[in-house]
Amino acid sequence: MGDFAETLWGYLETLTSLRRQGASEDSIRDAFLQFLRTAFPRLSLAEPFALEKHIPALRVRGGFADALYGDLIFEFERRLDDAKRAEGKSQLTRYLSNQQHPDRFFGILTDGETLEVYALRDGELAKVDELKLDAEKADECRLWLDCYLFQEKHLVPTANDITLRFGERSPTFWHSLRLLRNAWQKAKNDPSVQTKFAEWQSLLSIVYGSAVGDEDLFLRHTYLALFARVLAFVALERRAPNTDELAGLITGETFERMGLDNFVTDDFFAWVKGDADAETLLRSLATRLTAAYDLAAINEDLLKGLYQELVDPETRHDLGEFYTPDWLAELTLRQAGFPSSLVPRPTPLVPSLLDPACGSGTFLFIAIRLLREAGFQGANLVEFCASHLAGIDVHPLAVTIARTNFVLALGDDLRTYGKRFSVPIYMADSLNLPENFGRQQILTVPVGLKNLAKMAGKKPIPNLPQAFHLPAELAMRPDLLNDAIDALLEFADPQISDFDARNGFSARLAELDIPLEHLGYWRSNLRLMRWLMQPPATDTVWRFILKNAYRPALLAHRKFAFVVGNPPWLSYRYIQRRDYQERVRDLVLSRFKLLSKNEDHLFTQMELATLFFAFCAEHYLADGGTLAFVMPRSILTGAKQHAEFRKRFVTTAKLLIDCEQVTPLFNVPACVVLWDKGQGTRGTKRAVPMLHLSGELPTHNASWQQAQKTLSFVETTFTPPTALGQSPYFEQVTQGATSRASLPLVCPTRSEGKGDRPKATAIGDRPEN
C-alpha cells in the first residue's frame, strides 16, 4: 500500500471513530484538513487553510464558511441527508454569491467522506463534481483531490490525468471557459470572427452530417486548441511562455520563431488574438502544466480523452464516434507490419504511412514510437517522419490536436533538431480529390456564400462563383501553388481597384509561370476572394483552408505503403448537407459501385467507413501496400448493404481482427480489416485468417502492454456469409490455434484458457527486421 493509500485508510478509520462518538462538525473538519496536509505535504508550503490554529470558522462576506483554500470554500456537515444537504447548499450559495468574482470559486459540501462540488452557473448553484473517499480506490481519490489542490509535482503525464485536471469537470476548464465567454462577448460581432465561426460550423457539418456546432461548442473547441498550443510550447521549451510570447502562441508567430512553420496558423481558433482574457488563460494553463508534469516523459496520446470529452457528447454517442485506444492502434500497426513488413515483397516499399482520418493523431503517435523502437532517432527520425508520415482530417479541432500529438511524439528529437520543421498533418477532406472539368482536373473548395452574406450583411454580386477552383496540376507543385494563393490574397485587397487587381494578379501569375489554360480559374478565384475581403471582411480563414485543401491530391499522387486509421462511422441517413449527400451518393453508386442501381433503397444504411476504405485503397495506397482500418463489425455479417464490400475487401483480406468481445471499447461492435493491394484475385469463398480478441481491459485507453496481459487472443478463420437472406449475424467461424504462414504472429502460449474457448495465446511484440 502506498503512502497516500495508507494515509487515506487511516483517515477513514479516524472518521468512523469520530462518527461513533457523535463528534461535531468542527472535529470532522479538523480531521479532514489534517488528512489533506498529511497526504499533500506541499500544502504546508502553499497558501494555507485559514484554520492553522483550529479557529472555529472563517469569515467571508455574507456569512461564516468552515474553510477556505485558494478558490475552494468548504462547508462541513455531520451527515449529508436531504435536510443537511439543502442547508449546506443554501450556505454555499450565499458564500459564493458574495464573493467579488463568484464564478472563480467552487463550493465543496462534505461530511468528511463524500465531497460534492458546486459552482454558480448563470446565477444558480449547480453540482459539477462528486467524490466518495474509498481506500480501495486510493489512486482515483488522490488524483481527484489534486485536481482541485494542484499540489503534486513532476508527474508522468497520462491521458487520464490530463483529462481529469483539464477536462470539462475540472476547475481549470470552468475558469478558462469563463474567460473565453468574456472574450466572445467582445468579439462575436466582428465579421472576421463570424467567418471563422461559420466555416467551423460548415466543416463540422461534413464530420457529423448535419449542423451541430453552436457557440458553446465553439468555445470548448477553442479552449482545447489553446490548451494544445500551450502544451506543445511547454513540452518543447521546458518552461512557461514569457509575456511577450503569449500572443504568438495564438497566431503561430512564437512557434515559427521556434522553427515550426505550420504548427499554428491563422486558423478558426485564432479569433482570441489580442484579447487580454485569452492571454490570462494561456498563462494559467502554462503555470499548471509546468508545475504538475514531467513533460519529458510523454509516452501516449495525451489529448484524446480531452478531445472526446469536449466534443458534443450527445452527437458523439449517437454517431458512434470514439477515439481509438492506444492498444488497438499499436496492435493494428504491428499486424500490418509497420514499419517494415514481415511479408516478403518483390520490390520493398519504404514504410511511408498515411492516416486519412487521423482524429487526435493516435495512429501517427504510435507509428513514431514504433519507428523509434526500430532504431530511428535524432535528425533521422524527425526527417523521416516529415517526409514519410502524413495525416488528414476535416475536423478543425482534430487537426490542431493531431499536430500537437505529432510534435509531442517526436519530443527531444525535435527539440534538438535545430532546423525548420513542418508538421505533415492537414485540414482537408480526404474524399475531395480533383474532378474532370473538360480537359482539366480541378479541385473544388466550396464557399457558403449565402450563410456568409446573411451573417455579415453583405450583398453577393451577380454571377459570383460559389467555390474556389484549384488546378490539380499545381497540387503536384505545392510551393508554386502556395505562391499563387499568396498572390490571390494580396490582390484581393479592397484598397486595390478592380482594374489594378486584375492586371496585377495576371502579371504575377505570368511571373510564376502559371499555365495560360489555368488563368480563367484564377480570375474567378480573384472575384470570389475580393468579395470575401470587402468590408465587412469575411476572408479570415481562407488562406488556411486553401493551403490545406490541395494536400489530399498531393498525397494521392505520392501513394503510401501503409494507409491506416479509424475512418468515420457515419450512415448516409445522418448526412443532411445536400452537396455532401450528392457527392457520397455518386461515389458509392457510380464511382465505386458499392451498391448496384437496383439496390439504391439500401443506400441510407451504407456506412461512410466502407466508402472510405474503397476510396483510400484506390487513391492513396501504393501497389503492394497494406491498408488497415478499424471498421464497424456489421461489415462481417450478412447485412445486405455491405455485400459488395465483403466480396471485394473482406474475402480478400490478409487478416481480420474481431474485437466484439473486448470491453471497454466502442458502443458499436468493431473489427479491423487488414488488406494488401494486389490481392484482388483471391477466391471469394476463401477462409480468411482472423484474430479473435476477448476480455476486459483495466481502462478504455489501455496500453498494448496492458492489453497483452488482460486479453485473450485466439487464431481462427472466418468465412464470409454468402446467403444474404439469412440472419444478419450469420457467419461461419472455424476456431483453432494453428499458426498459418499468411498470419505472421508471434504467440507465446499462455497457461490458462478463457471460459470454454480453446486455450488462448497471448501475442507478444513482433521482432523487427
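Helices (H or I, at least four residues) and strands (E, at least two) are DSSP runs, numbered from the N terminus. The model is predicted: local features need pLDDT of at least 70, side-chain atom pairs count only at pLDDT 80 or more, and totals for chains, interfaces and linings use all residues. Residues are numbered from 1 along each chain as its sequence is written, and side-chain values use heavy atoms, with hydrogens and water left out.

The protein has 28 helices and 20 strands. Of its 769 residues, 59% count as buried (under 20% relative accessible area; exposed is over 50%, partly exposed in between; 1.4 Å probe, protein chains only). Contact means heavy atoms within 4.5 Å. Among contacts between residues at least 6 apart in sequence, 71% join residues at least 24 apart.

Helix α27 spans residues 643-650, and its buried residues are F645, R646, F649 and V650. These residues lie on the same side of α27, because they cover an arc of only 100° around the axis. The arc is taken from the directions from the helix axis to the C-beta atoms. The buried residues pack against α26 (608-619) and against strands β15 (621-632), β16 (655-663), β17 (670-676), β18 (688-696) and β19 (712-719). The loop between β16 and β17 holds P664. The peptide bond joining T663 and P664 is cis, with omega about -15°.

P339 is in the loop between α14 (326-336) and β8 (353-355).

Helices α6 (171-187) and α8 (215-237) pack at an angle of about 115°, with their axes 10 Å apart. Axes are lines fitted to C-alpha atoms over the stretch in contact, and angles run from 0 to 180 degrees between N-to-C directions. Residues of α6 in the contact include F173, L177, L180 and W184, and those of α8 include F218, L219, Y223 and L226.

Two loop residues other than glycine have positive phi. For D513, phi is near 65°. D513 sits between α21 (498-511) and α22 (519-533) and is exposed, with a relative accessible area of 59%. For K559, phi is about 70°. K559 lies between α24 (551-558) and β14 (560-565); at 30% relative accessibility, K559 is partly exposed.
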